[in-house]
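Dear colleague,

Please find below the structure that I am handing over to you. My notes on it follow directly after the display.

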Amino acid sequence: MKVGLLVTCLVDMMRPSIGFAALKLLETAGCGVLVPASQTCCGQPGYNSGDREGARRLAAKLVEEFEACDYLVAPSGSCSGMVKTHYPELFADDPSMLARVAALAAKTYELTDFLVKVVKLEAVPGRFAGTVTYHDSCSGLREMGVKAQPRALLAKVPGIKLSEMNEAETCCGFGGTFSIKFGDISSRMADKKCQNIEDSQADAVVLGDLGCMLNIEGRLRRRGNERTKVLHVAELLAGETDEGAS
Amino acid sequence: MQIATMYFKDRAQLKLQDELLQYNLNKSKGKFVGKRAEAIRELDDFEATRDAAKSIRQRVLDNLDTWLEIFEENARARGTTVLWAETPDEVNRHVLDIAARHGLKKAIKSKSMVSEESALDHAIEAAGMKVVETDLGEYILQINDYEPPSHIIAPALHKSKEEVSALFAKVHGTAPKTGIQELCAEARAVLREHYLTGDLGITGANFLIAETGSVFLVTNEGNATLCTTLPKVHVAITGIEKVVPTLEEASTLLRLLTRSATGQSITNYVDILTGIKGAGEFHGAEHMYVILVDSGRSKVLASEVKEALRCIRCGACMNHCPVYQNIGGHSYGWVYPGPIGSVITPMFIGQEVAADLPNASTLCGSCASVCPVRIPLPELLRKHRETQVRLDLRPVGERLGLRLWTWLASRPALYAWATRLGVRVMKWLGGYEGRIHSLPLASGWTNGRDLPAPAGKTFRELYAARRRAGRQT
Ligand code: SF4
């Protein structure tokens with residue numbers, strides 16, 4: 001089984017450890033992992049900003065890079081959601097591309113969804129002594145149906161306790177360029193998310209999208225919270241965190 | 001209504017600081033969201049009912065002209081006069097003509113968002129008539145110098161009981177009341193007088209029933225019942241999209257409307273008004289008019305956002321919208337706030353003046369997940385963003401930034417080099433703390449948040465190094 005890892009542009013730049021954690025989990029599960037070297041960005045920033053043409057160009061590039069793989073997996077509900085639910089819409093008027101896009105969309109998975117549904121991962125390398133709370137990032141939840149999968153995987157981590165926060169499914173306020181264009185609204189949304197995270201008393205908030213992580217971590221620290229860790233679910237499962245033994 | 005959509009950002013900024021509003025929003029949100037969640041559990045198959053509702057509405061829109069003709073024919077057969085209004089001004093003109101024709105002096109009105117589009121109350125007053133809003137929320141706003149509504153089903157949602165109490169004491173000249181029941185009783189006593197003296201009843205319509213030519217109305221206060229039965233003339237004003245083929249289908253929609261809106265299995269009152277009072281009948285208006293309003297709706301129908309016309313105005317999308325819940329309805333600056341407002345407002349008043357609205361969303365999808373008629377609101381907001389790019393309405397900086405990003409991301413080698421440089425600069429900016437407190441080009445981010453600094457090397461370079469090391473060992 002050849003799995004193409006879509007690292008995502010944010011992970012590539014801002015937190016490579018998530019990419020390595022995803023790699024490790026996929027390899028633990030026995031997958032042969034291919035990391036196309038020329039991958040850059042899935043085109044979502046342009047797509048969500050109304051730049052259809054730019055988005056199509058980057059989408060076509062990504063299809064080229066990944067279509068030979070048996071699966072495309074991304075440690076992000078947002079980027080996998082872009083490929084799976086929005087690429088077909090982007091090429092709706094281009095029948096020859098549409099067939100290729102649809103084929104790729106059909107084998108595109110968010111990481112935890114893939115680990116649970118396709119490879120049925122039994123044991124995970126990570127350890128965590130403490131309580132975590134899980135934030136359901138919007139695209140993962142509503143476009144990719146990711147809800148039970150990360151929780152099922154987290155339950156396999158020795159030492160971990162899950163404490164659900166209130167409104168786990170409410171948007172953290174990231175929204176890509178929204179977070180800059182409407183910074184005040186976005187910060188307020190992040191602030192409410194942080195309050196719910198703190199109220200859960202968890203030692204760490206765990207989630208599956210780096211954009212939301214940066215938003216939540218940025219707001220937690222600005223609020224003066226230095227205690228609550230912000231971890232990607234892949235980092236925790238792979239044991240690629242400070243306390244995770246691998 | 002006066003257009004204030006261009007002040008979206010400034011208004012939102014003020015509303016974020018308004019602690020009383022924040023408190024009021026929080027309180028109502030909990031109620032709406034919780035009650036809806038409970039109410040939809042009563043339905044055996046909520047999702048299938050949503051599918052049915054979607055297809056009922058879509059079937060109408062696919063042949064809207066035909067269904068409108070059927071409605072018109074059946075309404076006429078029962079003595080109702082059907083009038084058409086292409087613009088908001090025409091709506092007001094029709095109403096004033098009707099008032100002049102029958103010598104009417106005083107309008108009593110139940111809630112109609114469509115009439116807000118044309119600021120009908122002001123037109124009526126300018127013509128020397130009196131008008132009284134009888135929906136409690138609308139009444140509160142009217143006596144507060146015609147404050148605009150902030151929600152489509154709970155127009156005074158932004159106000160607390162204490163604010164209403166102070167307002168009533170001031171306007172009615174009564175002692176301030178503390179309990180909600182006392183306040184309602186006071187409003188009821190004041191309104192009762194108006195019901196008995198009004199000679200023109202004005203309402204909206206939740207649905208128009210094609211097969212019977214009826215106007216279908218839901219309220220919780222019974223005010224529409226009084227407005228449509230006591231005065232001698234009843235005028236219903238509604239958008240052309242509101243037609244539904246049969247009563248059977250309207251009842252399917254009703255099951256979703258009330259549950260999605262207020263979490264009720266049905267509203268306290270449902271009025272189905274079919275034609276004028278017949279010979280020997282006791283109730284009903286002597287003259288009934290239906291004004292079918294276009295005001296941009298046929299433009300929506302011919303556009304990429306046409307699915308928005310399926311809307312049955314339940315308000316669930318705003319109740320579940322994290323942006324609306326933080327800034328309130330007034331920030332949006334026109335009649336319809338929240339996700340559906342951000343989709344239809346640019347079509348009604350122009351993309352240029354309402355340019356912020358479709359962009360002021362994280363596209364989180366919460367709205368679409370609750371919409372009873374499955375309007376893909378985030379997709380429609382994105383369509384508007386595409387239109388704005390096409391019309392060159394986006395700021396230069398944003399356009400250049402996006403173009404540069406696409407250009408760079410299409411050139412992997414250059415991209416690799418640029419990102420390597422970028423993450424090193426950002427790491428340096430993050431200092432020993434590992435976080436950036438201020439970024440001039442992204443102050444929108446850093447005003448309210450830190451930016452966690454990157455590790456300083458990209459995944460791709462670390463991965464390449466790892467592969468090289470692996471090969472050597
Ligand atoms: S768009 Fe959907 S959820 Fe929003 S008001 Fe209309 S019907 Fe209700």
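**Findings**

The side chains of A:E89 and A:Y47 are joined by a polar contact of 2.6 Å; a polar contact is a pair of N or O atoms within 3.5 Å, where, within protein, one must be able to donate a hydrogen and the other to accept it, and residues adjacent in sequence count only if both atoms are side-chain atoms. The model is predicted, so to speak of local features a pLDDT of at least 70 is needed, side-chain atom pairs count only at pLDDT 80 or more, and totals for chains, interfaces and linings use all residues. Residues are numbered from 1 along each chain as its sequence is written, chains are lettered from A and ligands numbered from 1 in the order in which they are written, and side-chain values use heavy atoms, with hydrogens and water left out.

A:E89 belongs to helix α5 (residues 77-90) of chain A; helices (H or I, at least four residues) and strands (E, at least two) are DSSP runs, numbered from the N terminus. Apart from neighbours within four places in sequence, A:E89 is in contact with A:Y47, A:R52 and B:K383, contact meaning heavy atoms within 4.5 Å.

**Between the chains**

A:R52 also forms a salt bridge with B:E386 (3.0 Å, N to O). A salt bridge is a side-chain nitrogen of Lys or Arg within 4 Å of a carboxyl oxygen of Asp or Glu. Across the interface of chain A and chain B there are 7 salt bridges and 28 residue pairs in polar contact (both at pLDDT 80 or more). Helix α11 (residues 183-199) of chain A gives the largest share of the side that touches chain B, namely 8 residues.

How many residues does the contact take from each chain? Chain A provides 59 residues and chain B provides 63. The area buried between the two chains is about 5,300 Å², with 59% of it from carbon and sulfur atoms; buried area is the accessible area (1.4 Å probe) that two parts lose on being put together, summed over both. In chain A, the residues that lose the most area to chain B are A:M13, A:F20 and A:R222, together 12% of what that side buries.

**Chain B and its domains**

Chain B contains 23 helices and 12 strands, and 58% of its 473 residues count as buried. Its C-alpha trace spans about 100 × 55 × 45 Å along the principal axes.

The domain assignment of chain B gives domain 1 (1-19 + 303-394), domain 2 (43-295) and domain 3 (409-472); such bounds come from an automatic or database domain assignment. The centres of domain 1 and domain 2 of chain B, taken over C-alpha atoms, are 24 Å apart. Their contact takes 28 residues from domain 1 and 32 residues from domain 2. Between them these two domains of chain B bury about 2,600 Å², 58% of it on carbon and sulfur atoms. B:M1, B:H330 and B:R374 supply 25% of the area that domain 1 buries against domain 2, more than any other three residues.

The interface of these two domains of chain B holds 3 salt bridges. B:R374 forms a salt bridge with B:E47, the closest N and O atoms being 2.9 Å apart.

Methods: Buried < 20%, exposed > 50% of the residue type's maximum accessible area, 1.4 Å probe, protein only.
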